[in-house]
Amino acid sequence: MRKNKKSQAEIVGLVIIVLLITIGLLFVVKFVVLREPSELKKGFVHSELASNMINVLLKTTTDCKGSSVTELFQDCAAFNRIDCEGIDSCDKVDETIEMIFSNSLEKWNKPYEFSAYLVGSKPIIEKSYGKCPRNIDRESKTYPIPTDRGTLFIQLDICG
């Protein structure tokens, strides 16, 4: 009989240890895994997203004589000499931007504002999606592109 009681006590001890480990894991899941990301992390993610989107956009090759979006931007800002089968470089770059953003940021439901401008003149291209008021947090990235008429700035603001 003593042997049975001893093994029953060991089993009860193992059950208590398993229960304590399970409760500990539940606390870890609740307070570590399921917690909201910090504001700093959100800002970093949006900043990197804006930077990466502009990098991808500018390095994209189009079907317009194998020109990159950067080359089309430069031509659009300066002389608009590249002919893309009846479409000028400004319309082609606008079409490409629309396709890239609609298949990424808009599908992810990320509000944004995009513009390409020369200092001192009106924007060459502007795009936006969703509500992006001035008083809301936004992460912005701006890339300069040299052109014959000055520096063209490509800016993407991701709101959130």
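Me: Which backbone nitrogen does the side chain of threonine 147 reach?

Reply: A polar contact is a pair of N or O atoms within 3.5 Å; within protein, one must be able to donate a hydrogen and the other to accept it, and residues adjacent in sequence count only if both atoms are side-chain atoms. Here the threonine 147 side chain reaches the backbone nitrogen of arginine 149 at 3.3 Å. A polar atom of that side chain also lies 2.4 Å from the backbone oxygen of glycine 150.

Me: What should I know about the model?

Reply: It is predicted: local features need pLDDT of at least 70, side-chain atom pairs count only at pLDDT 80 or more, and totals for chains, interfaces and linings use all residues. Numbering starts from 1 along each chain as its sequence is written, and side-chain values use heavy atoms, leaving out hydrogens and water.

Me: Where is threonine 147 placed, and is it buried or exposed?

Reply: Strands are DSSP runs of E, at least two residues, and helices runs of H or I, at least four, numbered from the N terminus. Threonine 147 is in strand β5. Buried means under 20% relative accessible area, exposed over 50%, partly exposed in between (1.4 Å probe, protein chains only). Threonine 147 has 16% relative accessibility, so it counts as buried.

Me: How many bridges pair β5 with β6?

Reply: Two strands pair if DSSP finds at least two bridges between them. Strands β5 (residues 138–147) and β6 (residues 150–159) pair in the antiparallel sense over ten bridges. Arginine 138 has cysteine 159 in β6 as its bridge partner. A hairpin of two residues joins β5 to β6.
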